[in-house]
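Keep the structure open as you read.

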Amino acid sequence: MKVIGHLINGKLTHSDTSPQQSRLQDLTNPSTNEVIGRVALASKATVEEAIAAAEAAYPTWRNLPTAKRVRIMYRLRDLLEENADKICELITQEHGKVLNDAMGELQRGIENIEYVCSAPEMLKGEHSKNVGPAIDSWSEFQPLGVCAGITPFNFPAMVPLWMWPMAIACGNTFILKPSERTPSCALFIAELGIEAGIPAGVLNVVNGDKEAVDTLLTDRRIQAASFVGSTPIAEYVYTTGTARGKRVQAFGGAKNHAIVMPDADLDNAVAALMGAAYGSCGERCMAISVAVAVGDDTANTLVAKLQAQIAQLKVGDGMDNQNDMGPLVTKAHLNKVQGLITAGIEEGAELVVDGRNLKVPGYENGNYLGACLFDRVTAEMHIHSCEIFGPVLCVMRVDTMQEAMDIINNHEYGNGTCLFTRDGEAARYFSDNIKVGMVGINVPLPVPVAHHSFGGWKRSLFGDLHAYGPDSVRFYTKRKTITQRWPASGVREGIQFSFPSNS
Ligand code: NAD
């Protein structure tokens with residue numbers, strides 16, 4: 001049986017170097033619940049070995065010309081394209097999402113690398129001549145040192161690629177701790193990085209759980225940490241890391257609402273909502289999980305059209321691209337989502353489509369749940385306040401767009417949102433006043449492209465800088481400003497006690 005180990009100092013290791021026996025955790029195929037491998041859970045000692053390798057590699061790597069660092073990224077990009085099918089199979093085997101969907105996330109990851117290839121341009125700095133008599137000044141962006149990334153199960157290829165390519169292109173060295181539920185893909189991509197020419201120690205991968213994360217957050221050699229996952233852990237990572245003086249950005253959970261206006265093109269809105277709510281089985285931080293219909297007529301038509309589309313949905317093994325939706329990631333997560341559906345019924349929401357009795361022939365042990373649709377959900381209900389992270393769409397009914405916006409603005413999360421309308425004035429008011437980080441107008445999943453940056457507001461992000469794009473260059477570097485004077489030879493400079501200025 002395969003064991004997913006670590007990549008430390010350029011070498012794959014399946015064993016743990018701690019005196020205790022290595023801890024291993026079963027990996028299951030969500031479609032069947034068969035054990036398909038085991039993942040090694042790194043001890044503190046193993047993580048410290050990776051940190052030492054990253055620290056040793058840093059001085060040489062930081063001084064390599066950026067153009068040479070970036071050339072490796074060009075090669076990695078090609079290797080990712082060549083190995084795309086294998087990468088997507090690894091994603092689907094452990095996560096369950098349909099292969100086409102896995103290809104979409106890999107493509108987004110590749111686009112991040114293409115942006116990283118512009119690092120020489122991004123790191124040019126700023127220069128001013130003659131800021132004073134014979135004085136020039138410039139700002140440069142220096143790497144931080146050893147950085148860490150901790151990633152969630154739901155985007156095993158894309159989210160790690162938000163982090164380490166830019167971090168190392170900027171001259172840092174890196175330790176990635178992928179999700180222990182979907183570890184194979186990130187490790188394989190890192191191996192491709194080594195094949196592309198990343199020197200030993202510059203990129204390390206440690207698999208593991210809380211022990212590995214806590215070691216990264218408390219070790220004084222780690223300068224910065226990027227985290228993506230659920231809000232309670234994001235908050236923990238942010239407070240633990242910043243308390244030790246590290247730079248931290250921690251991306252958390254979400255509850256993304258789409259407002260459907262009476263003037264919207266309802267057929268297009270329903271098509272968009274189907275993909276955004278049920279794609280990837282709802283296990284996306286940008287999934288639309290609430291549709292807020294303005295007016296009862298809009299709500300009635302919306303619910304009827306959604307019911308008709310849900311009846312057409314094909315749910316089955318993610319390896320078959322004919323399917324629209326695969327299984328949930330684990331049995332434990334399936335049980336959690338089913339418990340929330342029961343809670344929704346108990347608190348008075350109307351379950352108009354119940355996907356709980358779905359059976360997929362040949363995959364009876366899989367973590368399957370059909371699409372569920374709740375109507376008449378209210379803001380106070382638990383199924384509205386919590387992140388369900390499953391194929392469950394809640395419909396809320398309001399009378400005005402302002403009422404819908406108040407619901408969104410009062411929610412603890414602020415990751416993504418969308419407005420379906422044909423009214424430009426309403427769209428402009430909405431995008432200007434909604435308290436959410438990523439906004440779509442007739443675009444249900446407004447995930448920014450690679451040359452913009454990704455991030456939510458409120459309790460969807462702890463920290464200031466967003467992921468990838470221009471913000472990631474700022475996150476993985478620190479500004480240094482140098483002021484220099486070369487007076488003409490022979491010029492005597494007097495003593496000056498007043499604060500230097502151009503007055
Ligand atoms: P998670 O919080 O359970 O795990 C994320 C990472 O934290 C994993 O690497 C895990 O090993 C580690 N971890 C888990 N418990 C820990 C603990 N007690 N101490 C230290 N580390 C711990 O998240 P998940 O279930 O893997 O991913 C789903 C969540 O991620 C959802 O809430 C989703 O919204 C969120 N997410 C957010 C974004 C975003 O950009 N905002 C993107 C993707 C996913």
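A crossing of two helices is called left-handed if the near helix is turned anticlockwise from the far one by less than a right angle, and right-handed if clockwise. What you're looking at is a predicted model, so local features need pLDDT of at least 70, side-chain atom pairs count only at pLDDT 80 or more, and totals for chains, interfaces and linings use all residues. Residues are numbered from 1 along each chain as its sequence is written, and side-chain values use heavy atoms, with hydrogens and water left out.

Start with helix 1 (residues 44-63) and helix 8 (residues 210-218), whose crossing is right-handed. Helices here are DSSP runs (H or I, at least four residues), strands are too (E, at least two), and both are numbered from the N terminus. The axes of helix 1 and helix 8 come within 9 Å and cross at roughly 45°. Axes are lines fitted to C-alpha atoms, for helices over the stretch in contact, and angles run from 0 to 180 degrees between N-to-C directions. That angle makes helix 1 oblique to helix 8; under 35 degrees would count as roughly parallel, over 145 as roughly antiparallel, 65 to 115 as roughly perpendicular, and the rest is oblique.

Who does the touching? On helix 1 the contact is made by K44, V47, E48 and I51, and on helix 8 by E211, A212, T215 and L216. Contact means heavy atoms within 4.5 Å. Sorted by class, these residues are four nonpolar, one polar and three charged. Ala, Val, Leu, Ile, Met, Phe, Trp, Tyr, Cys and Pro count as nonpolar, Asp, Glu, Lys and Arg as charged, and the others, Gly among them, as polar.

Now hop over to helix 3 (residues 84-95) and helix 4 (residues 99-116), where the axes come within 9 Å and cross at roughly 115°. This crossing is right-handed. Helix 3 brings A84, D85, I87, C88, E89, I91 and T92 to the contact, and helix 4 brings L99, A102, M103, E105 and L106. The tally is eight nonpolar, one polar and three charged residues.

On to the charge pairs. A salt bridge is a side-chain nitrogen of Lys or Arg within 4 Å of a carboxyl oxygen of Asp or Glu, and by this rule the count comes to 24. One of them joins D26 and R38 at 3.1 Å, N to O. D26 sits in strand 4 (residues 23-28) and R38 in strand 5 (residues 35-41), so the bridge ties together parts that are 12 residues apart in sequence. D26 is partly exposed, at 41% relative accessible area, and R38 is partly exposed at 36%. For the scale, buried means under 20% relative accessible area, exposed over 50%, and partly exposed in between (1.4 Å probe, protein chains only).

K177 and E180 also pair up, at 3.5 Å, N to O. Here K177 is buried, at 3%, while E180 is partly exposed at 21%. Then there's D296 with R397, at 2.8 Å, N to O. This pair links distant parts of the chain, with D296 in helix 11 (residues 296-312) and R397 in strand 17 (residues 392-398), 101 residues apart. D296 is partly exposed, at 46%.

Finish at K129 in strand 6 (residues 126-132), which is exposed at 62%.
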